[in-house]
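I opened this entry to keep track of what I looked up, beginning with the surroundings of the ligand and then turning to the strands and the database record.

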Amino acid sequence: MAHAAYVVGSGPSALSPGDGACERGGVGIPVIECAGVTKRFGATEALRGVDLVVEAGEVFGYLGPNGAGKTTTLRILMGLTRASGGRAGLFGLDAWAHRDGLHRRVGYVPGDVALYPRLTGQDHIDYVGHLHGLGRPPEAAVLAERLDLDLGRPARQLSRGNRQKLALVLAVMIRPELLVLDEPSSGLDPLVQREFHAILDEHGSRGGTVLLSSHVLSEVQRVATRIGVLSAGRVVAVEQLGALRAKSLHHVEAQFEGRVDVAPFAAVPGVRDVRLEDGVLRCDAPQASLDPLLKAVAHHPLVDLTCTEAELEETFLAYYSGTGGTDAA
Ligand SMILES: Nc1ncnc2c1ncn2[C@@H]1O[C@H](COP(=O)(O)OP(=O)(O)OP(=O)(O)O)[C@@H](O)[C@H]1O
């Protein structure tokens with residue numbers, strides 16, 4: 001059953017409840033602290049010096065394109081792999097040296113959820129509840145109901161989305177101080193996502209902290225208050241959600257009835273790459289420029305209009321590539 005530790009971060013503790021090291025994780029100490037964390041896999045430099053601080057009570061979105069190093073960071077924080085260099089800690093304790101004790105305080109939902117194929121959802125709840133000395137936490141059934149998860153089916157019969165739901169139930173039911181979630185809602189349908197967000201809100205209102213990784217801004221913007229942007233193994237920006245949203249790039253296409261001049265559109269601050277092709281105006285605009293841009297569009301008889309949020313990676317390239325600081329504009 002060793003894998004259960006990877007699902008929810010349970011397992012035998014190296015720290016007794018009265019352990020002095022445990023008590024150090026108190027007021028004023030960040031819940032998560034990474035300083036210059038590096039990780040090499042052979043020739044691959046997955047992390048190139050990650051600096052990150054997440055304070056108690058924050059819902060922190062950890063955003064980056066595929067391969068940026070999000071999962072690697074989370075696995076280091078969970079003590080599942082060891083950093084090659086730098087310091088990674090939770091509650092003021094080294095994430096690797098104190099991993100067993102820290103698992104009691106953290107609920108972890110990995111990207112690829114490891115479950116026991118023959119055990120049902122209820123079996124998993126009972127097992128993890130037992131490991132944490134909680135018996136059968138009454139909250140588990142309520143969480144499963146809210147997420148529309150059937151606890152009677154063996155794990156091998158569960159879809160990807162249902163496996164994620166079960167991992168979430170197991171992570172949340174232990175009432176952890178910190179939830180570490182690796183792209184948790186990618187397999188969930190919109191109604192269940194809403195319930196999942198409500199569960200995160202409730203965790204936050206109890207004073208809990210969340211670290212949520214994703215490669216799409218829309219996934220984290222509903223819940224995160226602050227966002228760190230990871231690119232090629234480095235945190236290239238840490239922003240309040242509002243500031244990052246204002247920068248999020250949109251592709252705008254407007255088809256007009258007659259001929260238009262591109263100049264007034266190109267003059268809108270922030271709008272870039274304006275071109276007119278076959279009577280269709282195309283341009284890219286950060287969210288903060290959408291209102292003045294659409295007002296300029298409204299001066300002309302319009303046939304069709306589309307506006308789609310760009311992939312996060314494009315926003316990275318537009319604003320963050322080649323920058324080293326955390327306040328990149
Ligand atoms: N066990 C491993 N062995 C070799 N290379 C690895 C290993 N784990 C990760 N990598 C590499 O490290 C880099 C960062 O991977 P990581 O999975 O952390 O990125 P990510 O941001 O989580 O991406 P995704 O969103 O696709 O999961 C990638 O180049 C990946 O191929």
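**Ligand shell**

I began with the elements around the ligand, and in this predicted model both S2 and helix H3 (70-77) each supply at least two residues of the shell. I then looked up which element gives the most to that shell, and found that H3 does, with three residues.

Going through the shell residue by residue, I noted that 13 residues surround the ligand, and that the closest are Phe41, Ala46, Asn66, Thr71 and Thr72. I also sorted the shell by class, which gave three nonpolar, nine polar and one charged residues.

For Gly89 I looked up the bridge partner in S5, and recorded Asp94.

**Record**

Finally I consulted UniProt, where an unreviewed entry lists residues 32-257 as "domain: ABC transporter". For residues 32-257 in the model, I noted that the end C-alpha atoms lie 55 Å apart, and that the span is 33% helix and 31% strand.

Key
Residues are numbered from 1 along each chain as its sequence is written. This is a predicted model: local features need pLDDT of at least 70, side-chain atom pairs count only at pLDDT 80 or more; totals for chains, interfaces and linings use all residues. Two strands pair if DSSP finds at least two bridges between them. Helices (H or I, at least four residues) and strands (E, at least two) are DSSP runs, numbered from the N terminus. A residue is near a molecule or strand if its C-beta atom, placed from the backbone, lies within 6 Å of it. Ala, Val, Leu, Ile, Met, Phe, Trp, Tyr, Cys and Pro count as nonpolar, Asp, Glu, Lys and Arg as charged, and the others, Gly among them, as polar. UniProt positions are given in the numbering used here, feature names are shortened, and annotations may be inferred rather than shown by experiment.
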